[in-house]
Amino acid sequence: MVPLWFTLSALCFVGAAVLLYFDLDRRRGLGRRRKSWARSHGFDYEPESADILKRWKRGVMSTVGDITARNVVLGQIRGEAVFIFDLEDVATVIALHRKVGTNVVVDLRLKGVKEPRENDVWLLGAIGPRMVYSTNLDAARRACDRRMVTFAHTAPDCAEIMWNEENWTLISMPIGSSRAQWDEGLRTVRQFNDLLRVLPPLPAQAAIGAAPRRNAGPGRPLAPATRAELPPGRTDTPQVRPDAVRREAGRPEPVRRTPPPRNSRQAPHYQR
């Protein structure tokens, strides 16, 4: 029996070593593909990052603990920052920064995916193959117009979870997604971000947007409408001297002569 147990333990050890080798090779291969994909789009690549995950806490982020983001890609789309990274063996996440943030969270996920774990998110209903959850059902109901219905039916299945957090819009994809699916994910997160513009903005940003604009060019302050100061004893009303009034009163009014009409004939002069 001892040789048998020894043989079984040796086989288990060899099997574990083989699985570990294949797992490391898969991770390295995924990193190489992600790095090549980032270069083709003009993005930057980092093997891992522990700071970017502090920005989000909802969606698939609520299902993971204190982990490190791997195969991180950082770039810009239409002037807004975008992140693409892997959450260990859980999912691949694409995050797009929003110009105007909002406190209303809209969570769109496939029907086969578990419901959100947050206590402040409620179910709104189903749109095609997806379920809609939100922290504000009234605002989310207004956002679920015809465009949102069309988007819910046409969005790729690789985008399993789509949600937003303040100034970010995110989607979650399977960890084994391909380069083509990463491209589809970028298009999907942009479309979802555009549809969420109808949500009420953050109070601070709403106050900035409602500030009145002055009728002056940029960088040119309006000149104050103040009257120039005059020396003591002076007023801005013109004064008329009495002697000038007398001269004007005694001066005869000039006689204005009307010029003869054009194309008229003068009377002939006769000598007597």
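How many residues line the largest pocket, and which lie nearest its centre? That is where the first close-up goes. This is a predicted model, in which local features need pLDDT of at least 70 and side-chain atom pairs count only at pLDDT 80 or more, while totals for chains, interfaces and linings use all residues. Residues are numbered from 1 along each chain as its sequence is written, and side-chain values use heavy atoms, with hydrogens and water left out.

**View 1. The largest pocket and its lining.** The lining has 16 residues, with Arg-98, Lys-99, Val-100, Asn-193 and Arg-197 nearest the centre. Strand 4 (91-102) and helix 4 are the elements that give two or more residues, and strand 4 supplies the largest share, six. Sorted by class, we get six nonpolar, three polar and seven charged residues.

View 2. Met-148, Phe-151 and Ala-152 of helix 3 (residues 146-154) are buried (under 20% relative accessible area, 1.4 Å probe, protein chains only). Down the helix axis, these buried residues fall within an arc of 100°, so they line one face (the arc is taken from directions from the axis to the C-beta atoms). Turned away from that side are Arg-146, His-153 and Thr-154, all exposed (over 50% relative accessible area).

**View 3. Ser-134 in strand 7.** Ser-134 sits in strand 7 and is buried, at a relative accessible area of 0%. Its side chain reaches the backbone oxygen of Val-105 at 2.8 Å and the backbone nitrogen of Asn-136 at 3.0 Å.

Notes:
Helices (H or I, at least four residues) and strands (E, at least two) are DSSP runs, numbered from the N terminus. On a 1 Å grid over the protein atoms alone, a cavity is a set of points where a 1.4 Å probe fits but cannot get out, and a pocket is an open set with protein on both sides within 12 Å along at least five of seven lines; lining residues have an atom within 4 Å of a point. Ala, Val, Leu, Ile, Met, Phe, Trp, Tyr, Cys and Pro count as nonpolar, Asp, Glu, Lys and Arg as charged, and the others, Gly among them, as polar. A polar contact is a pair of N or O atoms within 3.5 Å; within protein, one must be able to donate a hydrogen and the other to accept it, and residues adjacent in sequence count only if both atoms are side-chain atoms.
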